[in-house]
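Here are my notes on this model, written with the structure open beside me. Have a look and follow along point by point.

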Amino acid sequence: MKRVAILVSGGGSNMVRLVESMTGDHPARAVMVGSNDPQAGGLAKAADMGIETFAVDHRPFRGDRPAFEAALRERIDAARPDILCLAGFMRILTAGFIQAYEGRMLNIHPSLLPKYKGLHTHERALEAGDAWHGCTVHEVTAELDDGPILGQARVPVEPGDTPDTLAARVLTMEHRLYPAVLRRFADGDRSRLDL
Ligand code: GAR
């Protein structure tokens with residue numbers, strides 16, 4: 001059985017879907033949910049589901065990213081995860097941290113990568129007049145939002161869409177894509193999935 005740790009910064013809706021998916025004959029189980037924000041809604045949701053949680057508040061570290069990441073790693077490694085899933089984790093990670101989990105760290109990003117790395121993806125897709133938008137699950141490598149793509153899901157951009165309506169449509173697909181990709185990844189399948 002693979003052990004999965006999940007990092008969140010916000011409400012954690014993707015985390016909830018991941019945790020809920022890991023039951024029965026699934027090859028993995030969620031063992032830990034962590035956050036850089038002690039108030040993150042996702043932590044309470046994880047605790048409600050009986051998952052161990054932790055927070056390492058990034059603010060007291062005042063820009064000392066290596067020290068923040070060392071504290072984060074200590075908590076993560078205590079759970080001995082085989083796979084680390086970023087699910088709305090909004091801190092940039094340094095190459096040192098990424099190296100520690102290389103080949104076993106996944107991220108979900110709300111765009112059809114390689115388009116729109118970084119923030120404000122829905123606004124940028126609308127500004128560009130794109131007909132299609134979506135989300136991507138990829139392996140995390142040292143370059144931001146750039147690792148090998150494990151899966152993508154597309155949604156149409158509808159007339160009259162705002163960033164919020166488009167984000168909601170994409171999020172629905174994130175909730176399908178991430179559990180599906182994680183299951184395949186936990187089974188050792190790194191081939192690309194398109195929904
Ligand atoms: C999701 O849309 C996820 O793709 C995005 O944050 C949201 C988290 O929602 N992640 C990023 O933008 C990463 N750069 P959630 O907390 O409800 O899962």
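**Notes on the annotated site and salt bridges**

1. N107 sits in strand β5 (residues 105-109); strands here are DSSP runs of E, at least two residues, and helices runs of H or I, at least four, numbered from the N terminus. Keep in mind that this is a predicted model, where local features need pLDDT of at least 70, side-chain atom pairs count only at 80 or more, and totals for chains, interfaces and linings use all residues. Residues are numbered from 1 along each chain as its sequence is written, and side-chain values use heavy atoms, without hydrogens or water.

2. N107 is buried, at 9% relative accessible area (buried is under 20%, exposed over 50%, partly exposed in between; 1.4 Å probe, protein chains only). Beyond four places in sequence, its contacts (heavy atoms within 4.5 Å) include L86, H138 and Y178.

3. I92 belongs to the loop between β4 (83-86) and α4 (95-100). At 46% relative accessibility, I92 is partly exposed, and it touches R65, E69 and L144, leaving out residues up to four places away in sequence.

4. There are eight salt bridges in the whole structure (a Lys or Arg side-chain nitrogen within 4 Å of an Asp or Glu carboxyl oxygen). One of them pairs D25 with R183 at 3.0 Å, N to O. D25 is in the loop between α1 (13-21) and β2 (28-35) and R183 in helix α6 (residues 163-186), so the pair ties together parts 158 residues apart in sequence.

5. D25 is exposed at 66%, whereas R183 is partly exposed at 31%.
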